[in-house]
Amino acid sequence: MERRSERRSLALDDLRITIGGVGLRCSMRNLSPSGCMVECHDIVAEVGTPAEVALLPGHVALGEVAWQLGESIGIFFLEPISPKVVAHYALDDWMLRNDWTLASLGTPGG
């Protein structure tokens, strides 16, 4: 049964995450305000392990590992992220990406 109420946006971006204090370069496969799924090589992540996802400059989503299946890891965010940040990564909006600015996303320093 699906626990998530909001729509997931498909994504295909490499980004930096930290799981249990270990920094990794991973591929994000989907993103919603409440979490994301990433693919990481050579890591075993226990459910509940603290995670940080570096989304945009100055914007880190804090969360925890919700599940792992092979190289796929689900991360639940402790605080929802902005739908504008989700839209920035959404593949269905990829043509609009060049029009986004940090100021329009409301990120610090933008």
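Helices (H or I, at least four residues) and strands (E, at least two) are DSSP runs, numbered from the N terminus. With that in hand, welcome to this predicted model. The protein chain has two helices and six strands, and along the sequence they follow the pattern β-β-β-β-β-β-α-α. The points below go from the whole chain to its core, its cysteines, its charged pair and a patch on its surface.

**The chain as a whole**
- The protein chain has 110 residues, and 41% of them count as buried.
- Among the contacts in the protein chain with a separation of 6 or more, 47% are between residues 24 or more positions apart.
- About 6600 Å² of the protein chain is accessible surface, and carbon and sulfur atoms account for 56% of that surface.

**The nonpolar core**
- In soluble globular proteins, nonpolar side chains tend to be buried together.
- Here, the largest nonpolar core holds 25 residues. The ones with the most contacts inside this core are Ile17, Ile19, Val38, Val53, Leu55, Ile73 and Ile75.
- Two or more residues of this core come from each of strand S1 (9–19), strand S2 (22–32), strand S3 (35–39), strand S4 (50–56), strand S5 (59–69), strand S6 (72–77) and helix H1 (83–89).
- Leaving aside residues up to four places away in sequence, Ile73 touches Ile19, Cys36, Met37, Val38, Cys40, Ile43, Ala45, Val65, Trp67 and Gln68.

**Ser72 in strand S6**
- Ser72 has its place in strand S6. Its relative accessible area is 16%, so Ser72 counts as buried, the cut-off for buried being under 20%.
- With residues up to four places away in sequence left out, Ser72 touches Met37, Val38, Glu39 and Trp67.

**The cysteines**
- One disulfide turns up in a search of the whole structure. Cys26 and Cys40 form this link, with their sulfur atoms 1.9 Å apart.
- The link of Cys26 and Cys40 is right-handed, with 110° about the S-S bond.
- Both partners are buried: Cys26 has a relative accessible area of 1%, and Cys40 has one of 2%.
- Cys36 takes part in no disulfide, and the nearest cysteine sulfur, which belongs to Cys40, is 9.0 Å away. Cys36 is buried as well, with a relative accessible area of 4%.

**The charged pair**
- Side chains of opposite charge can pair when their charged atoms come close.
- The structure holds one salt bridge, in which the side chains of Glu39 and Arg29 meet (3.1 Å, N to O).
- Because Glu39 lies in strand S3 and Arg29 in strand S2, the pair ties together parts that are 10 residues apart in sequence.
- Glu39 is partly exposed at a relative accessible area of 28%, and Arg29 is partly exposed at 23%.

**A nonpolar patch on the surface**
- Val60, Leu62, Phe76 and Leu78 make up a nonpolar patch on the surface. Together these residues have about 380 Å² of accessible area.
- One of them, Val60, has its place in strand S5. Its relative accessibility is 46%, so Val60 counts as partly exposed.

Methods
Residues are numbered from 1 along each chain as its sequence is written. This is a predicted model: local features need pLDDT of at least 70, side-chain atom pairs count only at pLDDT 80 or more; totals for chains, interfaces and linings use all residues. Side-chain values use heavy atoms; hydrogens and water are left out. A nonpolar core is a set of buried Ala, Val, Leu, Ile, Met, Phe, Trp, Tyr and Cys residues joined through side-chain atoms within 4.5 Å. Buried means under 20% relative accessible area, exposed over 50%, partly exposed in between (1.4 Å probe, protein chains only). Contact means heavy atoms within 4.5 Å. Accessible areas come from the Shrake-Rupley method with a 1.4 Å probe; for residues, only the protein chains shown count as cover. A disulfide is a pair of cysteine sulfur atoms within 2.5 Å. Patches are made of residues with over 30% relative accessible area and no salt bridge: like charges are joined within 9 Å, nonpolar side chains (Val, Leu, Ile, Met, Phe, Trp, Tyr) within 5 Å. A salt bridge is a side-chain nitrogen of Lys or Arg within 4 Å of a carboxyl oxygen of Asp or Glu.
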